[in-house]
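Please read them with the structure open.

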Amino acid sequence: MVKPKLFLDFDGVIVDTITAIVDLYNEDFLKYSGFKKVLPSEINSWSFEECKCASSEIFDFYFNTPRFFNHLKFMENAESLLWLLMYDFDVYVVSHGHTPNLNLKSEWIYNHISKDIKFIGVDLDKHKDKSCVDMTDGIFIDDCANNLKTSNATYKFVFGEEYPWNKEYGYIRCISWIDLYKELIYLNSMVYQKE
Ligand SMILES: [Mg+2]
């Protein structure tokens, strides 16, 4: 039996990127004048503007360092539910980044999840969204509404809490991995298994 294709974003879906970046900032800028410890829950901007002591170049740099990946943790329940989903779905991780980030991400997925997950790295220098990835007949999960909007996936779900980059309506929001798991199992039984 051919399994349905499930395309998952990485940052903000599988892993808690905001917490890892804020951890690095709080460590590195502690002794700078005007420093105030930032909590992950205080971040509401795509470019970490709440972290006042660091420039946007610092955050771009963090994303390309092994140290960022050493700080990364799974979103709550993501690890175990991802393993369960792999029984029913052909899982791809589709993620945006610069070359060092994409290389490190691919290694992280191989080492922390499974070599059976296919990684599709989308070069940020060449593509502003993920529409270059053919997701025909598949399901796409992303926390960025614009990536969903421009994708040709058949089913699209927005993941996580509400942020300025995913406020747009029209997509079912899965607030947690338990929520996402339920939606995907339902979709699989109602649509894909009936084809
Ligand atoms: Mg994301």
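This is a predicted model: local features need pLDDT of at least 70, side-chain atom pairs count only at pLDDT 80 or more; totals for chains, interfaces and linings use all residues.

1. **Metal site.** Three protein donors surround the question of the magnesium ion: Asp-9 (OD), Asp-11 (O) and Asp-143 (OD). The spacing of the donor residues in sequence is D-x1-D-x131-D.

2. **Burial at the site.** Are Asp-9 and Asp-11 buried or exposed? Asp-9 has 4% relative accessibility, so it counts as buried. Asp-11 has 15%, and therefore also counts as buried, because the cut-off for buried is under 20%.

3. **Sheet.** The sheet is open and has 6 strands. Its order is β3-β2-β1-β4-β5-β6, and the pairing is parallel. At the edges are β3 (118-123) and β6 (172-174), each of which pairs on one side only. Neighbouring strands are turned against each other by 25° on average, direction ignored.

4. **β1 and its neighbours.** Strand β1 (residues 5-8) runs parallel to β4 (residues 139-142), and 3 bridges join the two. Leu-8 has Ile-141 in β4 as its bridge partner. Towards β2, β1 pairs over 4 bridges, again in the parallel sense. Here Phe-7 stands opposite Tyr-92.

5. **β2 and β3.** These two strands run parallel and are joined by 6 bridges. Which residue in β3 stands opposite Tyr-92? That residue is Lys-118. The chain passes from β2 through α5 to β3, and this β-α-β crossover is right-handed.

6. **Cover over β2.** Helix α5 (residues 99-112) lies across β2 (90-97) and β3. The helix runs at about 155° to β2. How many of the 8 residues of β2 are buried? The count is 7, so the strand is mostly covered.

7. **Helix pair α1/α2.** The axes of α1 (residues 17-28) and α2 (residues 56-63) come within 11 Å. They cross at roughly 120°, and the crossing is right-handed. On the α1 side, the contacts involve Thr-17, Ile-21, Leu-24, Tyr-25 and Asp-28. On the α2 side they involve Phe-59, Tyr-62 and Phe-63.

8. **Asn-188.** This residue sits in helix α7 (residues 177-190). Its relative accessibility is 6%, so Asn-188 counts as buried. Leaving aside residues up to four places away in sequence, Asn-188 touches Pro-4, Asp-88, Phe-89 and Gln-193.

9. **Positive phi, Asn-77.** Most residues other than glycine have a negative phi. Asn-77 is not a glycine, yet has a positive phi of about 70°. Where is Asn-77 found? It is in the loop between α3 (66-71) and α4 (78-88). At 35% relative accessibility, Asn-77 is classed as partly exposed.

10. **Positive phi, Asp-137.** Asp-137 is another residue other than glycine with a positive phi, near 70°. It lies in the loop between β3 and β4. With 54% relative accessibility, Asp-137 counts as exposed, because the cut-off for exposed is over 50%.

How values were computed:
Residues are numbered from 1 along each chain as its sequence is written. Side-chain values use heavy atoms; hydrogens and water are left out. Donors are N, O and S atoms within 2.8 Å of the metal (3.2 Å for Na, K and Ca); water is not among the atoms, so sites may look incomplete. Buried means under 20% relative accessible area, exposed over 50%, partly exposed in between (1.4 Å probe, protein chains only). Two strands pair if DSSP finds at least two bridges between them. Axes are lines fitted to C-alpha atoms, for helices over the stretch in contact, and angles run from 0 to 180 degrees between N-to-C directions. Contact means heavy atoms within 4.5 Å. A crossover is right-handed if, with the strands pointing away from the viewer, the path from the first strand over the helix to the second runs clockwise. A crossing is left-handed if the near helix is turned anticlockwise from the far one by less than a right angle, and right-handed if clockwise.
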